Amino acid sequence: MDKKKILIVDDDENIAELISLYLIKECFDTEISDNGEDALAKFKTYKPNLILLDIMLPGMDGYDVCREIRKSSNVPIIMLSAKGEVFDKVLGLKIGADDYMVKPFDSNELVARVQAILRRIDDKNEGGANSINEKEESVSYDGLSVNLTSYSVVYNEALIEMPPKELELLYFLASRPNQVFTREQLLDKIWGYDYVGDTRTVDVHVKRIREKIKDENNWSIATVWGIGYKFEVK
């Protein structure tokens, strides 16, 4: 089986090499880039399965690299930064990053997050091979259709651009109407691992979904105060 390819973008050579060693040990193939422009070039030629992207880069920063890649690809992106301010996390997720890690991080946690994201993508690409029901995974309500098989959202007859994690979260809630889920449960179901208590990630994604689709008379993405969220159908 071909090794999964990870593009590591970090201008700190020591950190990049260390990350590369951890991933190679877990049977990944890696490529390192130390600036944004080179990262975009290698993205096109190397065709990575996942990108580890540092925010603070010389010239074009990680945010700009992420925005540029999102114009043409939904390749998973985990953003890395020594800064832990909430603003950085929100902005990174807002422009389409799948995950966010603050340096210094535990190598085992980094590998676990990489593996979890790639495992979820493999499950989707296998067309539900692990499921007995091979039907197309989609849900529809008045004015809204969410298709997990084709990763598409149609709202009021318009195709809505939505990063993978937003779409997966929306589908998860919409396919389980009126069920209440805590933020921790949603992190586990959508991200596939313990997110170290960073439940704000769910709030950011819900906020982004609400900016793109508005509640209708007979359905809404409802906040259950003190608990979490539900897709409410009236």
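Contact, as used in these legends, means heavy atoms within 4.5 Å. The structure is a predicted model, in which local features need pLDDT of at least 70 and side-chain atom pairs count only at pLDDT 80 or more, whereas totals for chains, interfaces and linings use all residues. Residues are numbered from 1 along each chain as its sequence is written, and side-chain values use heavy atoms, with hydrogens and water left out.

View 1. Leu144 touches Val139, Val153, Val154, Tyr155, Ile213, Trp219 and Phe231, residues up to four places away in sequence not being counted. A nonpolar core is a set of buried Ala, Val, Leu, Ile, Met, Phe, Trp, Tyr and Cys residues joined through side-chain atoms within 4.5 Å; buried means under 20% relative accessible area, exposed over 50%, and partly exposed in between (1.4 Å probe, protein chains only). The largest such core has 28 residues, and Leu144, Val146, Val153, Leu170, Leu186, Ile213 and Phe231 have the most contacts inside it. Two or more residues each come from strands E7 (144–147), E8 (152–155), E11 (219–224) and E12 (228–233) and from helices H6, H7 and H8 (200–212). Helices (H or I, at least four residues) and strands (E, at least two) are DSSP runs, numbered from the N terminus. H6 gives the most to this core, with seven residues. A second, separate core of 21 residues includes Ala39, Tyr63, Cys66 and Ala97.

**View 2. Crossing of helices H6 and H7.** The axes of H6 (residues 164–174) and H7 (residues 183–191) come within 10 Å and cross at roughly 120°. Axes are lines fitted to C-alpha atoms, for helices over the stretch in contact, and angles run from 0 to 180 degrees between N-to-C directions. Lys165, Glu168, Leu169, Phe172 and Leu173 of H6 meet Leu186, Lys189, Ile190 and Trp191 of H7.

**View 3. The open parallel sheet.** Five strands are arranged in the order E2-E1-E3-E4-E5, with parallel pairing; two strands pair if DSSP finds at least two bridges between them. Strands E2 (29–33) and E5 (99–102) stand at the edges with a single partner strand each, so one side of each is left without a neighbour in the sheet. The twist averages 20° from one strand to the next. E1 (residues 5–9) and E3 (residues 50–54) pair over four parallel bridges, and Leu7 has Ile51 of E3 as its bridge partner.

**View 4. Helices on the sheet.** Helix H1 (residues 13–25) packs on the sheet and touches E1, E2, E3 and E4 (77–81), its direction making about 170° with that of E2. Helix H3 (residues 62–70) lies across E3 and E4, running at about 175° to E4.
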